[in-house]
Amino acid sequence: MTTLAHSPHAHAQTSVGQVMGTVMLALTPATLFGFWLYGWPAINLWVVSLGVALLAEAVSLKIMGRPVRGALLDGSALLTAWLLALSLPPWAPWWLAAVGSLFAIVLAKQIFGGLGQNLFNPAMAARVMLLISFPLEMTSWIAPLPITSAGAPGFVEGLAITFAGMAPADGMTSATLLGHVKTELGRDIVLPQALGSYFDPATFMLGQRAGSFGETSALLLLIGGLVLIVRRVITWHIPLAMLAGVALPALLANWIAPEAYLAPGLHLLSGGLILAAFFIATDPVTSPNSASGQLLFGFGIGGLTWIIRTWGGYPEGVAFAVMLMNAAIPVIDRYFKPRIYGRDRKGAALAPAKEATR
Amino acid sequence: MNVASEPFLKRLLVKAGLSSSLHKLRGGVHPEGRKDLSAEPPIRVLPMPERLYVPLQQHIGAPARHLVGVGEVVKKGQLLAASQGMVSAPVHAPTSGRVIAIGDFPGPHPSGLPMPTLTIEADGLDAWIDADPPADPFALSPEEVATRVGAAGIVGLGGAAFPAAVKLNLSRRNEVRTLIMNGGECEPYLTCDDRLMQERAAQIVEGIRLIAHATGAGEILVGIEDNKPDAIAAMTKAAAGGPVKVVKVPAMYPMGSEKQLIQVLTGQEVPAGGRAADIGVLVHNVGTAYAVQQALCLGRPLVSRIITVSGGAIMAPGNLEAPIGALAADLVRACGGLREDAARLVLGGPMMGTQLTSLDVPVIKGSSGVLALTVQEVEQTRPGPCIRCSSCVRACPMGLLPLEMAARIRAGDPAGAVDWGLKDCIACGSCSYVCPSHIPLVHWFNHAKGDLAARERLKMKNEATKKLADERSARMQRIAQEREEAARLRAAKKAAADAAKKAAAEAAAAAKAAAKAKEEVEA
C-alpha cells in the first residue's frame with residue numbers, strides 16, 4: 001500500500017485485447033463461411049497471413065526493444081492480418097498473403113511507431129500495395145466451390161494450390177460483378193445486358209458469389225457489424241455514413257442513366273463495402289475522434305469508393321478510398337471537435353444568460 | 001424551467017408526454033455502483049473516540065485561526081477557531097473535553113503531510129454548549145440566515161467543502177432564481193446522502209427551504225438518481241405540498257457534478273470560467289441542507305457528518321455519523337475492521353477520491369466516504385499505448401478530447417493542452433475509467449494543471465523579483481544622485497564660506513590699515 005495512485009480507483013472491465021477479441025469474434029461467422037465456400041486454399045491463406053503477421057510483429061518489437069509478449073497478446077497484429085486475408089482472392093498463392101502481412105505490420109504499422117501511431121489502415125495499405133504490385137494474382141477470382149461439394153480441392157490439393165502454385169481448372173475461375181461490369185461497359189455494352197444473370201440479390205446477400213474470401217456474405221458481415229455496435233466497440237456513424245456515401249450518388253446516377261450506372265443495391269452488396277464499412281473504416285487508430293468527423297470520414301470513403309468504381313481504372317475502390325480518407329484525418333480532427341460545455345462552437349465562453357432567459 | 005430556449009421538437013415531445021422534461025447529460029459512464037454494500041443498514045452513530053484531531057483547514061480558502069489554548073476545557077459546539085478572510089470557515093469542538101495539543105498532525109491527503117490541528121481529549125459527556133436557536137428561523141432576514149450558516153462552519157458537504165455562506169451571499173447578489181439540491185450521489189459505493197435522505201428527509205426539506213429563503217430562489221429542485229427509489233419516496237413525501245420539487249434523474253456518472261446536474265435539470269450550461277450564479281442557479285448538496293437545518297433550528301454548528309465506510313475489504317460496510325476529527329481508523333474499526341486483502345484506501349468515492357496512505361488521519365467536513373478496496377475492485381493494469389478509440393471522447397461530459405490533451409501533455413506541452421480545453425476539465429475521471437489501454441488520463445490532466453499553476457506562480461514570482469530589483473536599482477541610483485548632489489552642495493558651501501572668510505580677513509586688514517593711517521595722520 002505504499003505506491004500512490006491517482007483517481008479513479010475503479011476501472012471498466014475492458015482492455016485493448018478485449019476490444020480486438022470482440023472484433024475478431026464478430027468476423028468469425030463471415031470467415032467460417034469463406035472457409036466453407038472456398039475450401040482448403042482459403043484456410044491456408046488465412047493461416048499464412050496470421051502466422052506471418054505474428055512473426056513480423058514479434059521481430060519488430062524485439063528489434064525496437066519493446067516488450068513482445070503483451071503486444072502480441074493484444075491481438076492487434078492478428079486482427080490486421082485477418083482483415084487482410086479476408087480481402088484477398090481465396091485461392092491466392094501463399095506468398096501474396098505473406099508479403100501483404102509483412103508489409104502491413106512492418107511498413108504500415110511498426111515503422112510509424114507501432115500500435116496507435118500508424119496513419120494508414122495497415123490492412124488496406126497492404127491491399128493497395130498488393131493490388132498495384134501483383135494485379136494478376138490480386139484479381140484471379142474463383143467461382144464458389146463449397147468444401148463439401150464434389151469438385152472441391154481436398155487438403156493435399158489445397159496445399160498444392162496455395163503453396164505450389166497449382167492453377168485452378170478453367171471452369172473454376174470467374175469474374176467479380178464489379179470487374180465484369182467494368183469490362184463490359186468498356187466494350188460499350190449497356191448495363192441491363194452486361195448484368196445478365198450476374199446479379200441476384202439473395203445470392204449476394206448470402207455471399208455465394210465470386211469475390212475476396214471474406215467479403216462476399218453481406219448478411220454475416222452485417223450481423224458481425226451489429227454485434228460490434230451493440231457491444232459498443234464501434235458506433236453507427238462511420239458505417240452508416242459510408243454506406244450512404246456510396247448509395248446516394250449511386251441512386252442519383254442510376255436514376256439519371258440506368259444503362260450506364262449500377263443501382264445502389266448492387267453497389268452496397270458488391271466488393272468489400274460491407275466489410276470495410278463495419279470492420280475497416282471503423283479501425284479506431286485510423287478514424288477521426290468526434291462523431292461529426294466520423295460522419296464526414298465515412299461519407300468521404302463511400303463517395304470516393306463510388307467515384308473510383310464508376311470512373312477509376314480499378315473495378316473496386318474501397319481500399320483506395322479508405323487510404324485517401326485516412327490521410328485527411330488530421331485535418332478532419334482539427335476542424336471537427338465536439339463543442340465544449342459552457343462554450344460556443346468557436347470555443348468562446350457562453351455569455352451569462354441571465355437576461356436572455358428572463 | 002427555461003423551456004423557451006428549447007428546440008421546438010423537444011417541447012412538443014415533452015408536451016405529448018413522449019419525452020421526459022429532463023435534458024441530456026453529454027457523455028458519462030456507468031461504473032458498477034456497488035452501493036448495495038452499504039445501502040441497507042441504517043446510519044449508526046460512531047462511538048466517541050478518546051481523542052479527536054480537528055484540522056484548522058477543512059475547507060477551500062484561508063485556514064481558521066485558533067482561539068483556544070492547550071489545556072482549555074471546551075464544550076461540544078464551542079468555537080475553536082475563527083474564520084479569517086473572505087473565503088473561510090470557522091471550526092467548532094466536535095465533542096466536550098480538553099484541548100491537549102495544538103500542532104501538526106498528518107492530514108487526510110495523499111501526501112500525508114502534517115497540517116495545523118487541534119487535538120481534543122473527549123471527556124465522554126459529549127455535552128453541548130447552550131444553544132440559542134431563533135424561535136422562527138424563517139423570520140430571520142436572508143442576510144442573517146447566511147451569517148448564521150457561516151458562523152456554524154457549514155461548508156459544501158458534497159466534497160468540495162466550499163464555505164456555504166459565501167455561496168449564499170454570492171447567490172443573493174446575483175439574484176439566483178433556481179435552487180438545485182444535489183442528491184445525485186453518482187459516485188459508486190457512497191450511500192451517505194441516500195441514507196440521510198431516507199432517514200432525515202423532513203430536516204433536509206426544512207434546510208432546503210431555509211437555503212431558498214436565504215437566496216430568494218423561486219424554483220427549488222431536488223435531483224436524485226433513479227437508483228435510490230427509497231430516498232426519492234422519502235423526500236417526495238417530506239416535500240409534499242411545499243415549494244420543493246423532487247426530480248428523478250437517470251443514474252449516470254457524473255450526474256452529481258454541479259455543471260452536469262444543472263444541464264440535466266435546466267438545459268442550461270454554466271459559461272466556461274463562470275459560476276452557476278451567472279445563469280441564475282445555485283447548487284447545494286442535500287447533506288449541506290441538513291447541516292443548515294441543524295444550525296438554524298437547533299443552534300448546532302457543523303461538528304459531525306454522515307460518512308460511508310465501504311469497499312470489498314471492509315468487514316461490515318455501512319454509514320456512520322462521525323464527529324469531525326475522528327480517525328479513519330476509528331470508523332473502519334466500528335465497521336468490523338479491514339479484511340486482509342485490502343489493496344487501497346480511499347477517502348471519498350472511487351472516481352474522484354484521493355488515496356490514503358494511512359488510516360491514522362482525521363475525517364473532515366468534506367469527507368464523504370472511507371473506502372478499502374481489494375485488488376479486483378481497483379483493477380490496476382499497466383497502461384498501454386493509446387489506440388485512439390475515442391472512448392474517452394464519448395465518455396467526457398464536458399465535450400473534451402482527452403486523448404488529444406494527453407498527447408500534448410506527454411510531449412511536454414501543457415499550454416498546448418489548454419488549447420484543447422484542459423481548463424474546462426472537471427477531473428471527473430470518466431475518461432480514465434473507460435480507457436481500454438488503462439491510460440491514467442486524469443492523472444495527466446491534474447499533473448498538467450499543477451504544472452501550469454506552478455509556472456504561473458513562478459512567472460508571478462519572477463515578475464515580482466524583477467520589480468523589486470528594478471526598484472532597488474532605481475533607489476540606488478537615486479541615493480547615489482542624492483549623495484552627489486549633497487557633496488556638490490557641501491563643496492559649494494565650503495567654497496562660499498572660504499570666500500567669505502577671505503573677504504572678511506581682507507576687510508579687517510583694510511580697516512586696520514585705515515585705522516593705522518588715521519592714527520598716523522592724527523599724530
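Two residues are taken to be in contact if their C-beta atoms, placed from the backbone, lie within 7 Å. The legends that follow describe close-up views of a predicted model.

View 1. The helices concerned span residues 142-151 for α3(B) and residues 201-215 for α6(B), and they pack with their axes 7 Å apart at an angle of about 125°. α3(B) and α6(B) are therefore oblique to each other, and their crossing is left-handed.

**View 2. Helices α1 and α4 of chain A pack against each other.** The axis of α1(A) and that of α4(A), the helix of residues 76-86, come within 11 Å and cross at roughly 25°, which makes α1(A) roughly parallel to α4(A). As α1(A) passes α4(A), the crossing is left-handed. On the α1(A) side the contact is formed by Met20(A), Val23(A), Met24(A), Leu27(A), Thr31(A) and Gly34(A), while α4(A) contributes Ser76(A), Leu78(A), Leu79(A), Trp82(A) and Leu86(A). The contact of α1(A) with α4(A) comprises 8 nonpolar and 3 polar residues, and no charged residue belongs to it.

**View 3. Chain A and chain B touch along a contact to which both chains contribute.** Chain A provides 36 residues and chain B provides 60 residues. On the side of chain A that touches chain B, α1 (16-38) and α18 (354-357) each supply at least two residues, and α1(A) gives the most, with 3 residues. By class, the residues on this side of chain A divide into 19 nonpolar, 13 polar and 4 charged.

**View 4. The largest nonpolar core holds 248 residues.** In soluble globular proteins, nonpolar side chains tend to be buried together. The members of this core that touch the most other members are Ala85(A), Ala104(A), Val322(A), Val149(B), Ile208(B), Met235(B) and Leu331(B). Helix α2 of chain A, which covers residues 40-63, supplies the largest share of the core, 11 residues.

**View 5. Leu331(B) is shown with the residues that it touches.** When residues up to four places away in sequence are not counted, Leu331(B) touches Leu46(B), Ile307(B), Val309(B), Leu320(B), Ala322(B), Ala326(B), Val363(B) and Val370(B).

Notes. Residues numbered from 1 in each chain as written. Chains lettered and ligands numbered in written order. Predicted model: local features only at pLDDT ≥ 70, side-chain atom pairs only at ≥ 80, totals over all residues. Helix = DSSP H or I, 4+ residues; strand = E, 2+ residues; numbered from the N terminus. Nonpolar A, V, L, I, M, F, W, Y, C, P; charged D, E, K, R; others polar. Axes fitted to C-alpha atoms, helices over the stretch in contact; angles between N-to-C directions. Parallel < 35°, antiparallel > 145°, perpendicular 65-115°, else oblique. Left-handed = near helix turned anticlockwise from the far one by under 90°. Core = buried A, V, L, I, M, F, W, Y, C linked by C-beta atoms within 7 Å. Buried ≥ 20, exposed ≤ 12 C-beta atoms within 10 Å, placed from the backbone.
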